[in-house]
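Please keep the sequence and the 3D structure open while reading.

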Amino acid sequence: MKRYLKVDDIGDLKQALKEAFEIKKNPYAFQELGKNKTIILVFFNSSLRTRLSTQKAAMNMGMNVMVLDINKDGWKLESEMGVVMDGDKPEHIKEAVPVIGQYCDIIGVRSFATFESKEDDYNEKVINQFIQYSGVPVISLESATRHPLQAFADLITIEEHKQKERPKVVLTWAPHPRALPQAVANSFAEWMKKADVEFVITHPRGYELADEFSQGANIEYDQRKAFKDADFIYAKNWSSFKDYGQVISQDRDWTVDEEKMALTNNAKFMHCLPVRRNMIVTDGVIESKNSIVVPQAANRVVSAQTVIKRMLESL
Ligand code: SN0
């Protein structure tokens, strides 16, 4: 595996789950693969789970790990081509990325949506430059449009907690004070459409995801109807795709609460975290016995380790 950006990069999901569960059972069994190999994790944005879980996954594989918080510890990077560099960015991505590639065997990058340009974000300008110029395999630690390690961990978590062969999984938009990327929702949709689940997305009008992610999913604009008989409720905020990066609603009637959870089939509650309590979800729901946000976060190590293992195998 040379890159990990989207669901197609992992191939057959059943096989990927099988490998993930082997790793979860026996996390230190593959250390020979990572011996004397180095991974560098580059962050353009804040991170708690992605940073720590990917570090842990690489350490489980016997690798050396370096982390660079590029906006704090590195030079600010210019990514435009052909510009006169007389501003606040001292280093060009065209030198910085191949140099980072010289110091490691795998690069992980968190780039995030900038919301400056829908086109640049949806063309994955930053992570594609890492693929183009680094010379080593690249793992997305959340790019502008996707969060594939999160979605893989989500699938593992659903597989572990499902009570029936084909559970009903609902992705619900929920209110938030800031403009957030569509990345988590996009990836979750991309993965659930390929998984063996009944998948429904619910959101207010104007929050439609890009066609490539929403096509083939059932869209239900009535959140209460969507929740009926659900086995998993996956809450997430995202900003508008159509009105790109805009917050067009903060309607607290969309907050996931006890009354709406009562409409479900005793559904488990999921969220990628960090979560804004009493905006996205009430204290009561996130602290209920049906909340699986912590085991979900724990599976971030498993998804990252499965991907790193596959990359090490193909070096
Ligand atoms: C990230 C996102 O893409 O929406 C989730 C994964 C890291 N969330 C945030 O940035 C939340 C920030 C906030 O202000 O609550």
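Leu-273 sits in the loop that runs between strand 12 and helix 13. The model is predicted. In it, the phi angle of Leu-273 is near 65°, a positive value in a residue other than glycine. Leu-273 counts as buried because its relative accessibility is 18%, and the cut-off for buried is under 20%.

- A cis peptide bond links Leu-273 to Pro-274, with omega at about 5°.
- Pro-274 belongs to the loop between strand 12 (268–270) and helix 13 (283–286).
- Cys-272 has a relative accessibility of 8%, so Cys-272 counts as buried.

**Another positive phi angle**

- Glu-142 has a phi near 105°, a positive value in a residue other than glycine.
- The loop that holds Glu-142 lies between strand 7 (138–140) and helix 8 (148–161).
- Is Glu-142 buried or exposed? With a relative accessible area of 5%, Glu-142 is buried.

**The open sheet**

- Strands of a sheet pair through backbone hydrogen bonds, either parallel or antiparallel.
- In this model five strands make an open sheet, in the order 10-9-8-11-12, and their pairing is parallel.
- Strand 10 (218–219) and strand 12 are at the edges with a single partner strand each, so one side of each has no neighbour in the sheet.
- Strand 8 pairs with strand 9 (residues 198–202) in the parallel sense, over five bridges.
- Which residues of strand 9 are the bridge partners of Val-169 and Thr-172? Val-169 has Phe-199 as its bridge partner, and Thr-172 has Thr-202.

**Strand 8 and its two faces**

- Strand 8 (residues 168–173) is mostly covered, with six of its six residues buried.
- In a regular strand the side chains alternate between the two faces of the sheet.
- On one side of strand 8 are Lys-168, Val-170 and Thr-172, and on the other are Val-169, Leu-171 and Trp-173.

- Trp-254 is found in the loop between strand 11 (232–236) and helix 12 (258–261).
- The relative accessible area of Trp-254 is 9%, so Trp-254 is buried.
- Arg-224 is 30 residues from Trp-254 along the chain, and the C-alpha atoms of the two are separated by 9.3 Å.

- Met-66, Val-99 and Tyr-103 make a nonpolar surface patch of about 300 Å².
- Val-99 is part of helix 5 (residues 93–102).
- Val-99 counts as partly exposed because its relative accessible area is 37%, which lies between the cut-offs of 20% and 50%.

**Cysteines**

- How many disulfides are counted? The count comes to zero.
- Cys-104 is buried, with a relative accessibility of 8%.

Technical notes: Residues are numbered from 1 along each chain as its sequence is written. This is a predicted model: local features need pLDDT of at least 70, side-chain atom pairs count only at pLDDT 80 or more; totals for chains, interfaces and linings use all residues. Side-chain values use heavy atoms; hydrogens and water are left out. Patches are made of residues with over 30% relative accessible area and no salt bridge: like charges are joined within 9 Å, nonpolar side chains (Val, Leu, Ile, Met, Phe, Trp, Tyr) within 5 Å. Accessible areas come from the Shrake-Rupley method with a 1.4 Å probe; for residues, only the protein chains shown count as cover. A salt bridge is a side-chain nitrogen of Lys or Arg within 4 Å of a carboxyl oxygen of Asp or Glu. Helices (H or I, at least four residues) and strands (E, at least two) are DSSP runs, numbered from the N terminus. Buried means under 20% relative accessible area, exposed over 50%, partly exposed in between (1.4 Å probe, protein chains only). A disulfide is a pair of cysteine sulfur atoms within 2.5 Å. Two strands pair if DSSP finds at least two bridges between them.
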